[in-house]
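This report describes selected local features of one structure, beginning with the surroundings of its ligand. The sequence and the model are shown below.

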Amino acid sequence: MIIIMRSHVTEEQIQAVEAKLNAAGLKANISRGIERTIIGAIGDERKLHQESLQALPGVEDVMRVVKPYKIVAREWHETDTVIDIKGIPLGGKTLQIIGGPCSVETQSQMDLAAQGVAEAGCRLMRGGAFKPRTSPYAFQGKGVEGLTLFRNAADKYNLPIVTELMDVRMLDAFLKQGVEVIQIGTRNMQNFDLLKEVGKIHTPVILKRGLCATLSEWLMSAEYIAAGGNHNIILCERGVRSFETAYRNMLDVTAIPVLKKETHLPVIADPSHAGGKAALVAALSKAAIAAGADGLLVEMHPSPCDAWCDADQALTPLELKQLLQELRPLAKAVGREL
Ligand code: PEP
Ligand code: MN
């Protein structure tokens, strides 16, 4: 950390900063210039509270020099993390397309969806049994029963399941059903108690980006999970809020290469919740893969116009299959396979 003192700073004020650094186990390197005195904090700056230094008399500015996140940072772990999901790698050369409906509805809907996911060539299936809806009057998901419907359908095609956990009280039900990947949704990206709980287990977690979260905030949320001991984290860019109303969210394609530089964790994209329209899914999928995404989360419904949730953005089983076909040459062009 670098502490810049105000002009006309007194010797006592400099000493007070030094005392504060020493108390946190750090050393002060004091550089007295003609106009300004600058103090370099030597040691683990994560132990320092930037605000409490900033509040000291005579301090003009305090700047961090290391990242606030550690376990998830690429500077601590240079090689890409590859997460093993029941033998399926996520984060390596092979791209993973996770397909499935927005929500679990009925057994026959899930059976047809699982068939479509498998026939399209996807190796993992998504589907929400607990739905975070804007309106309390909208369908809230099938709940625990939905997990069973999902499990039954996915097992027929040997597909590991990805499903959203909204409430820590449901974690036992998820573990009982052997959910292979827990999704933490956009609205819960900063639900720190939930993050701490999934940090205590080893089940892989897909952490979606908050509606208006910065990359640093998002990585700090991932750090919450990692700090508990669970390093099986996949980041999912699903679009952020913007001023535009022609589509649902703005897919932040730039975030993908930035994240790949900042973190060793796999990064996937969700073109469905970004575009909000089925017709936009293919283009956004291609953009995400070209930008370096390790996979996609794509909504597909056996009969989109009958979907109970997010009908507008669901692909048909055939469209999902065609999407994978279109993505194969692109994957090859960027040194990946599908
Ligand atoms: C979902 O994937 O079903 C979902 C609700 O997504 P998000 O949290 O990105 O809105
Ligand atoms: Mn959805």
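## Ligand 1

The model is predicted, so local features need pLDDT of at least 70 and side-chain atom pairs count only at pLDDT 80 or more, whereas totals for chains, interfaces and linings use all residues. Residues are numbered from 1 along each chain as its sequence is written, chains are lettered from A and ligands numbered from 1 in the order in which they are written, and side-chain values use heavy atoms, with hydrogens and water left out.

Polar contacts are pairs of N or O atoms within 3.5 Å. The side chain of Lys131 has an N or O atom 2.8 Å from an oxygen atom of ligand 1, and for the side chain of Lys208 the distance to a ligand oxygen atom is 2.8 Å. For Arg238, a polar side-chain atom is 2.6 Å from an oxygen atom of the ligand. Ligand 1 taken alone exposes 300 Å², of which the protein buries 97% (Shrake-Rupley areas, 1.4 Å probe).

## Strands β8 and β9

Helices (H or I, at least four residues) and strands (E, at least two) are DSSP runs numbered from the N terminus, and two strands pair if DSSP finds at least two bridges between them. Strand β8 (residues 124–126) pairs with β9 in the parallel sense over 2 bridges, and Met125 stands opposite Ile161 of β9.

In a regular strand the side chains alternate between the two faces of the sheet. In β9 (residues 161–164), Ile161 and Thr163 point one way, Val162 and Glu164 point the other way, and all are buried (under 20% relative accessible area, 1.4 Å probe, protein chains only).

## The four-stranded sheet

An open sheet of 4 strands is ordered β2-β3-β1-β4 with antiparallel pairing. Its edge strands, β2 (27–32) and β4 (59–63), each pair on one side only. Strands β1 (residues 2–5) and β3 (residues 37–42) run antiparallel and are joined by 3 bridges; Ile4 has Ile38 of β3 as its bridge partner.

## Helix α10

Val281, Ser285, Ala288 and Ile289 are buried in helix α10 (residues 278–290). Their cover includes α8 (255–262), β13 (267–269), α9 (271–275), β14 (295–299) and α11 (317–333), with contact meaning heavy atoms within 4.5 Å. Gly292, which follows α10, has a positive phi near 110 degrees.

Methods:
Polar contact = N/O pair within 3.5 Å; in protein donor to acceptor, adjacent residues only side chain to side chain. Buried < 20%, exposed > 50% of the residue type's maximum accessible area, 1.4 Å probe, protein only.
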